[in-house]
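Trainee: Could you take me through the aromatic rings in this one? I'd like a close look at who they pair with and what sits over them.

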Amino acid sequence: MNRLVVVESPTKARTIRQFLSGGDYQVEASMGHIRDLPSSAKEVPAEVKGEDWATLGVRVDNGFEPLYVIPSKKKKVVRELKAALKNADELFIATDEDREGESIGWHLLEVLNPSVPVRRMVFHEITQEAIEQALESTRDIDRNLVDAQETRRILDRLVGYEISPLLWKKIKPKLSAGRVQSVAVRLLVQREIERIHFVPASYWDLKATLAQEGQAFDAKMTHYNDLRLASGRDFDENTGRLKEGLEDGKDLLLMEEAQATSLAERLADAPWRVVNVDERQSQRKPYAPFITSTLQQEASRKLSLSAGQTMQTAQRLYENGHITYMRTDSSNLSTEAMNGARAAVKKRYGDTYLSPKPRIYSGKVRNAQEAHEAIRPAGSAMKTAKELKLRGVEARLYDLIWKRTVASQMANARLKHITAHIESGEEGDVARFRASGKTIEFAGFFRAYVEGSDDPTAALEDRENPLPRLKEGDAPACKEVEPVGHETKPPSRFTEASLIKMLEQEGIGRPSTYASIIDTIQRRNYARSKGSSLVPTFWAFATNNLLEAQFDKLVDVHFTANMEQVLDDIAAGERDAEPYLQSFYQGDDGLRARVEGGLESIDPREICALDFTPWQPHVVRVGRYGPYVEGDVEGDTETASLPDDIAPGDVTKEYLDELLERSHAGDQVLGIHPEHDMPIILKSGPFGPYVQLGDDEQEGKPKRMSLPDGVEPDDVTFDLGRQLIDLPRTLGAHPESGKDVQASIGRYGPYVRHQGTFASLKKDDDVLTVELPRALELLQKKNKRNAPLRVLGAHPETGAAIEVRDGRYGPYVKHKKTNASLPDDLTPDDITLQQGVELINQKLEKKGKRKGKKKKSKAKRK
């Protein structure tokens, strides 16, 4: 009997073939979804092109019937699957076990229309035992899961296709709205607004370095006489003053610098005494095994991976049979996995470190989806990354999963905390200090896993802070007393990890969507990365203004979380989708009515105005070409562009004053260039100040050069302006090629270049003084980074090399001037020369088609 097994990806297919090596099974890949809603007008079938709902792809007047099409790139896959099905006696759908996988399986059946028996096999790890068990325990396609996924797809389509055109008309073309994406943007904007309104406050206290029996320790001042000292939590974030109800000198003491300095001098020679010592024990339980969101958060903190990178790496680990399914809301471990983890603990750490009985984790996140198992190493052997011969980021992520899983079955860590209260000074002038210490009496699960650290041993040392033996009445020696100034900090911006945590806590979206949400809001220019932080752009502010004004429910956290609950109810068979879609889209206060009302009522100028109190009397507006400030200067209304890269939360009134005054002052002629006999002019533009050779009336585009970072317009003299205009500088000849090495300033800042290689200058480098040896050092480092990861071999037709390289958007193959991205199921280590040739040829074929279309279009116009 011939059996056809269909999965999503070639990697998953290759792994499963190892376990179904007999002649009865043929394992093929669908390459993800084989059909979807039309992505563009050209994909809409000719028979419905004239319908008003065709581009939307959802027939809202017919029960929200979706229009599914097979994209052109999937037609070959469908033909191959149909051909394979002709020789099969049974069809096994082996797509992933979540709603997305169930939906892919259902679409396969709808398109392939098999006449043979169909079985749905489900597994959460790709091992011999799991695959064999799945073959024995098949079921039918779960239509409730399919309906839930289809409803989600329709909701996302309605929101995106109805609201996005409104954004294009009122704010800027190419902006987009999304059901979950817009809520995430709102969270970023709200946090940035808090930072705009934040007013810092300063306060002082004392830090004492004391010693007992030769062992030094630190103590922090907490009280002066009977008044506690003010700390950060006592201040109002919007005023910088003490919170309402707190009075300085009555409820607490707000110490100033002079007072702190004077007290420190008095205490330096005063006697010190231990008033009392408190000691308590505590225990720490191990963390639950990873679910999707906690894996993304920890990989961000420990491995500096984005959510997208984490999921791509986890996908490869799963499809190669190394971990269980990586999209899950459940922290539960199977009995097999629990026993395997406990055996690993006994083997590596001993019985002492094993929890007395198996730990069962059943807690789920809000609105948890299917009851999968936690993310863990596949099988029961609990092999390490080294034993599996994993390398690179896959080894690091697998090691993280291994440690978390094993630690979940380890004993509690036991800690001892000691707090000593110490006084100094005379009656009426007494300062009270607190010294805290902590020791780890038994490391327990810390031996394997410490959250936020990838080196448990080093982390254990960092976590210990022992105090010397202290008892009431002791008189420690004072080594130093120093006044310490503090300033309150604005609320921290979201990182990818903290944004995911917030979305999870509020029940917004699903673990499988977090990576794509964060990718989308950055791709759409709603946020950008600054270090590890996500900074909302001014476009995000304008878009959020419109959505809050016209679609307040849609960006409401609780409304969105409730929508997830509705989808869960549909998945459980407890709710019908159509009435909900009807209310959401066509109700009196539904999406369609809101969009139509917005087209009439929304004033673009008003919706794009950011009028925050700390910036007044100025207003920042978001125009089609970027943000600018509008304000009054000497009775005239002036405008000035804001740099694209400035964070809204970093803008101050003083900064806006400076921009407007500079704009009001106009251009400044620095002098006449002696060689060109043309003026060097200091100007200001949308991307900041720059110098220009000649005026705007001359023939051709005048030469311009941006000011280097750290150089203010007031600092620019004629000499500096001339040096900038004379860029690029020739530093000398390259010792290998003999060609010039030059330094200049470009779109992305100062750089050095040699032939076609560009290397950015670092923070401490000066484009006007950098010398040849330093330039050669930077160029050498850049060349190493530009080296290919692998050379697959020569292209059979051209003889030129096909290389595997790592690019900004992931790995790709390169042949001459043609680049082709590697699909998700191929890694730089796995790809073969034949596969590289196929990718290059496919890309060349697409280029050829595009060129052909352009030629036809030109001929038609002629």
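Mentor: Here's a walk through the ring pairs, then the charges placed over rings. Keep in mind that this is a predicted model. A search of the whole structure turns up 17 aromatic pairs. Take Phe 541 and Phe 612: their ring centres are 6.1 Å apart and the planes meet at 80°, and since an angle over 60 degrees counts as edge-to-face, that's the label this pair gets. As for where these two come from, Phe 541 is part of helix H15, residues 538–550, while Phe 612 belongs to the loop between strand E16 (609–610) and strand E17 (619–623). The pair therefore ties together parts that lie 71 residues apart in sequence. Are the two buried or exposed? Both Phe 541 and Phe 612 are buried.

Now for the charges. Arg 447 lies over the face of Tyr 353, at 5.1 Å from the ring centre. Elsewhere, Phe 494 has the charged end of Arg 191 sitting over its ring, and the distance to the ring centre is 4.2 Å.

Terms used:
Residues are numbered from 1 along each chain as its sequence is written. This is a predicted model: local features need pLDDT of at least 70, side-chain atom pairs count only at pLDDT 80 or more; totals for chains, interfaces and linings use all residues. Side-chain values use heavy atoms; hydrogens and water are left out. Rings of Phe, Tyr and Trp (its six-membered ring) pair if their centres lie within 6.5 Å; planes under 30 degrees apart count as stacked, over 60 as edge-to-face and the rest as tilted. Helices (H or I, at least four residues) and strands (E, at least two) are DSSP runs, numbered from the N terminus. Buried means under 20% relative accessible area, exposed over 50%, partly exposed in between (1.4 Å probe, protein chains only). A charge sits over a ring if NZ of Lys or CZ of Arg is within 6 Å of the ring centre and within 35 degrees of the ring normal.
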